[in-house]
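Colleague: I would like to learn how to read local features off a model. Could you take me through them one at a time?

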Amino acid sequence: MTFFSGVIPYLVSPVNSNGSIKERVLGDLCSDLIRKGVSGLTPLGSSGEYAYLSETQKMRIVEVVVEAASHRVPVLPGVASVSTQSAIDQAKAYRSVGVDGIVVVLDSYFPLREHEARKYFLDVADSVDLPMIVYTNPNFQRTDLSIETICAIAKHPNIIGLKDASTNTGRLLSILNRCDSDFAIYSASSHIATTVLMMGGRGWFAGPACVLPKQSIELYDACMRGDWNDAMTMQKRLWPFNEVFAQYRLASCLKAALRAQRYDVGDPIPPQAPLDASAVKVVLDALTKVQGF
C-alpha cells in the first residue's frame, strides 16, 4: 500500500458567482504549487470550503486537480459526510477519475456511539481500493475516536494513516506507541508540524502551504535533516499568518492572500461574505511579514 509524505497543501476552491468552477485558475494554482516542490495536493478540505459545495462541484474540482497534477504528485481529495453511503459514493466517484488516495472525515449531526463512528471509516475503506487517511477533528466530530479504536481500524489494509487535528501530542505519542509501526501520522495543525515530524510523522497537510509553499517546504526539509532549531525558527516565522485564521475564516484568508498573489480565486462561497477591507489588510500584512523573512 502506498504511503504519502512531505508538504501537501489544502487547495482553495475557486468558484464563479454562478457556481461554476474557475477551472483554469485552479489548474494554474496546482501546476504552480507542483513546480514549487509540494509533495501532493488535497482538494475538498476546510480550505476548499467542501461543506458549501454541491456534489457536482466537488466532482469537477477533483477532476481538474487530477488533470493538472498529471501524475506528477499524488492527489488525495477530502471525503466527508454525515452519511456512510454518501461518503462511499464520493470515494468511488473520485476513484473513477484517478485519485491516488483519500482523506476521510466523519461529519456529525446527531452524536454517534464510538462503534458507529468506527464502522463509518471501515465501511468507506472497504468500498474502494485506495490508500485512506483517517482525519479526526473535534470541530467536526461529536464522537471522537479512542486510541484503541484508531489502532483497531489501522489494521485495515487500506487505512494507512491518521491526520489528527486535536493538537494533543500526548495522544499522538500513544498512537505511535500502540499502533503498527507502518501506520503513518500526519500533522494537521500548523503550530505543531515540527513536533509531529520530530515524533516520526510522515508529512504535513497544510492550508498555509497553498500560499506559502516555499516556507512550508523549507520547514519540512529542515525536519527531514534533523535540524530542529531551524525547523522551529521557520515554524515561528510562519505562525503570524496562521494567527489570522483565528480572527477570520480559513478559506477567506487563503483566498484573500491568493488574490494578492494574482490568482483570481473569487470570493468565499455564500452564505459566507467576503472579508472587508480592514480584514484583508490584516491578512496581507501577516502574509508580507512571513514573506519578508
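Colleague: Where is glutamate 49 placed?

Modeller: Glutamate 49 sits in the loop between H1 and helix H2 (55–69). This is a predicted model. Keep that in mind throughout.

Colleague: What is the phi of glutamate 49 near?

Modeller: Phi is near 55° for glutamate 49, a positive value in a residue other than glycine.

Colleague: Is glutamate 49 buried or exposed?

Modeller: Start from the cut-off: buried means under 20% relative accessible area. Glutamate 49 has 3%, so this residue is buried.

Colleague: And serine 70: what is its phi near?

Modeller: Serine 70 is not a glycine either, and its phi is positive, near 50°. Look for serine 70 in the loop between H2 and strand S2 (78–81). Its relative accessible area is 44%, which makes serine 70 partly exposed.

Colleague: Next, salt bridges. What is the general idea, and how many does the structure hold?

Modeller: Side chains of opposite charge can pair when their charged atoms come close. The cut-off used here is a side-chain nitrogen of Lys or Arg within 4 Å of a carboxyl oxygen of Asp or Glu. The structure holds 16 such salt bridges.

Colleague: Which residue does lysine 22 pair with?

Modeller: Aspartate 264. The closest N and O atoms of the two are 3.1 Å apart. Now place both ends. Lysine 22 is in the loop between strand S1 (6–9) and helix H1 (23–35). Aspartate 264 is in the loop between helix H10 (250–260) and helix H11 (277–291). The pair therefore ties together parts that are 242 residues apart in sequence.

Colleague: How accessible are lysine 22 and aspartate 264?

Modeller: Lysine 22 counts as buried, at 13% relative accessibility. Aspartate 264 is partly exposed, at 47%.

Colleague: What about pairs inside a helix? How far apart in helix H4 are aspartate 123 and lysine 119?

Modeller: Four residues, with H4 spanning residues 114–127. That spacing separates aspartate 123 and lysine 119 by about one helical turn. Their side chains meet in a salt bridge, 2.8 Å from N to O. Lysine 119 is partly exposed, with a relative accessible area of 49%.

Colleague: Which helix holds lysine 214 and glutamate 218?

Modeller: Helix H8 (residues 213–225). Lysine 214 and glutamate 218 are four residues apart there, about one turn of the helix. They form a salt bridge, with 2.8 Å from N to O. Lysine 214 is exposed, with a relative accessible area of 53%. Glutamate 218 is partly exposed, at 32%.

Colleague: Which residues are linked in a network of salt bridges?

Modeller: Glu23, Arg60, Glu63 and Glu67. Read them as one linked network.

Colleague: Now the peptide bonds. What kind of bond joins proline 270 and proline 271?

Modeller: Read omega. For this bond omega is about 15°, and the peptide bond is cis. Proline 271 lies in the loop between H10 and H11.

Colleague: Last, the surface. Which residues form a nonpolar patch?

Modeller: Val82, Tyr109 and Phe110. Together they have about 400 Å² of accessible area. Phenylalanine 110 is in the loop between strand S3 (102–106) and H4. Exposed means over 50% relative accessible area. Phenylalanine 110 has 62% relative accessibility, so this residue counts as exposed.

Methods. Residues are numbered from 1 along each chain as its sequence is written. This is a predicted model: local features need pLDDT of at least 70, side-chain atom pairs count only at pLDDT 80 or more; totals for chains, interfaces and linings use all residues. Side-chain values use heavy atoms; hydrogens and water are left out. Helices (H or I, at least four residues) and strands (E, at least two) are DSSP runs, numbered from the N terminus. Buried means under 20% relative accessible area, exposed over 50%, partly exposed in between (1.4 Å probe, protein chains only). Patches are made of residues with over 30% relative accessible area and no salt bridge: like charges are joined within 9 Å, nonpolar side chains (Val, Leu, Ile, Met, Phe, Trp, Tyr) within 5 Å. Accessible areas come from the Shrake-Rupley method with a 1.4 Å probe; for residues, only the protein chains shown count as cover.
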